[in-house]
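Please follow one residue of this protein into its surroundings, and then look at how the parts of the chain meet.

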Amino acid sequence: MKVKVVINGFGIIGKRVADAVKKQSDMELIGVVKAHQSYSANIANELGYPLYIASSTNKEDFLKAGSKIEGTLDDALQMADVVVDATPDKVGKANAEIYKKYKNLKAIWQGGEKADIAEVSFNAMANYEKALGKKYVRVVSCNTTALCRSIASIKEHYNIKEVNAVIVRRAADPSETTKGPINSLEPALHIPSHHGPDVRSVLPDVNIQTMAVKAPTTLMHIHSIIMKINENASAEEILKIFENAPRIRIFKENDKITGTAELIEYARDLGRARGDLMENAVWKEGLNVVDKTIYYYQAVHQESIVVPENIDAIHAMFEMFKDKNSSIKSTDNTLGISKN
Ligand SMILES: NC(=O)c1ccc[n+]([C@@H]2O[C@H](COP(=O)([O-])OP(=O)(O)OC[C@H]3O[C@@H](n4cnc5c(N)ncnc54)[C@H](OP(=O)(O)O)[C@@H]3O)[C@@H](O)[C@H]2O)c1
């Protein structure tokens, strides 16, 4: 039996999760849901993804533009086992009331919603088992996902005393033409930034504080991380942990990848769809350990990093894999990001 999936919201995240669901032999994409007519409705048609609309009030706009519509959100939900909500921040909260009308329907929200929307805030490497059999799960944001991945992989080997991270955030996604700044760096004035508490929604026993600066770029975020551990460790040992961890890709000085622009070019050259880099990017030479303190940088492709986690969340909620390693292995193989 395939798990029947509806994607509500066909934007940056939704369209990528829809593609990922199509690649799973044990999942069926029932449809994607849009609220307003735009070119992506016709893209859904062209890709053969059944298209549903959030409300029938806009139906004429879609029909006038030549889009083929199968029905409304409610029609799609009636056929679904799980809905992946990828609507803009806060819209998912209103949608929760709709989803709850369907007794057997499970739901996944994204990191733009508050943690209390779901039973579990999820990251596959950090707390996969907590989502086993759950009905409502929230996949945490791009920054939180990257932090959880690298912190969880070190936490498997060392006792973490404290983590401090400074996040240089991309100001907007490439398609968001109305957002800024375009010539300024803007610090988040309330400290800690929301990322630290968000990591603790997944890893409650990690003492982490974060600060953030918004930068005029659209490609990726970069984190500077300072992690105190209780034991002695060498840079080589930490590097080995990252090399062996799934979804962390190591770049070396010889690669001549000096920043995020080349990382995206690298993903494009690999032939990744949309130039997506779903892994954390860590620079070998940017990693060091001094006096039981680990220093490293990681770059985060905000548009795609949470895609594998949405597939793992479905695995866990339907108990398709009982442990994180089997789930991650299966997801990564289907998405072409496996290290083996
Ligand atoms: N982009 C990122 O960097 C990123 C990274 C990680 C997590 N997230 C999180 O993922 C979620 C989605 O973000 P996103 O960046 O994918 O947003 P997005 O690109 O703006 O896409 C949202 C989609 O939802 C549609 N929509 C709007 N209102 C709707 C409604 N009432 N019902 C159904 N669809 C509706 C919008 O399209 P139409 O109005 O045209 O139909 C749009 O296609 C947010 O929680 C966000 O915080 C985003």
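Asp173 is buried, since its relative accessible area is 8% and buried means under 20%, with exposed over 50% and partly exposed in between (1.4 Å probe, protein chains only). This is a predicted model, in which local features need pLDDT of at least 70 and side-chain atom pairs count only at pLDDT 80 or more, while totals for chains, interfaces and linings use all residues. Residues are numbered from 1 along each chain as its sequence is written, and side-chain values use heavy atoms, with hydrogens and water left out.

Leaving aside residues up to four places away in sequence, Asp173 touches Ile12, Thr218, Gln302 and Glu303, where contact means heavy atoms within 4.5 Å.

To their contact domain 1 gives 24 residues and domain 2 gives 20 residues. Together the two domains bury about 1,800 Å², 55% of it on carbon and sulfur atoms; buried area is the accessible area (1.4 Å probe) that two parts lose on being put together, summed over both. Of the area that domain 1 buries against domain 2, Arg16, Met125 and Val140 supply 31%, more than any other three residues.

Charged side chains also meet here, for eight salt bridges are found across the interface of domain 1 and domain 2, each being a side-chain nitrogen of Lys or Arg within 4 Å of a carboxyl oxygen of Asp or Glu. The side chains of Arg247 and Glu309 form a salt bridge at 3.1 Å, N to O.
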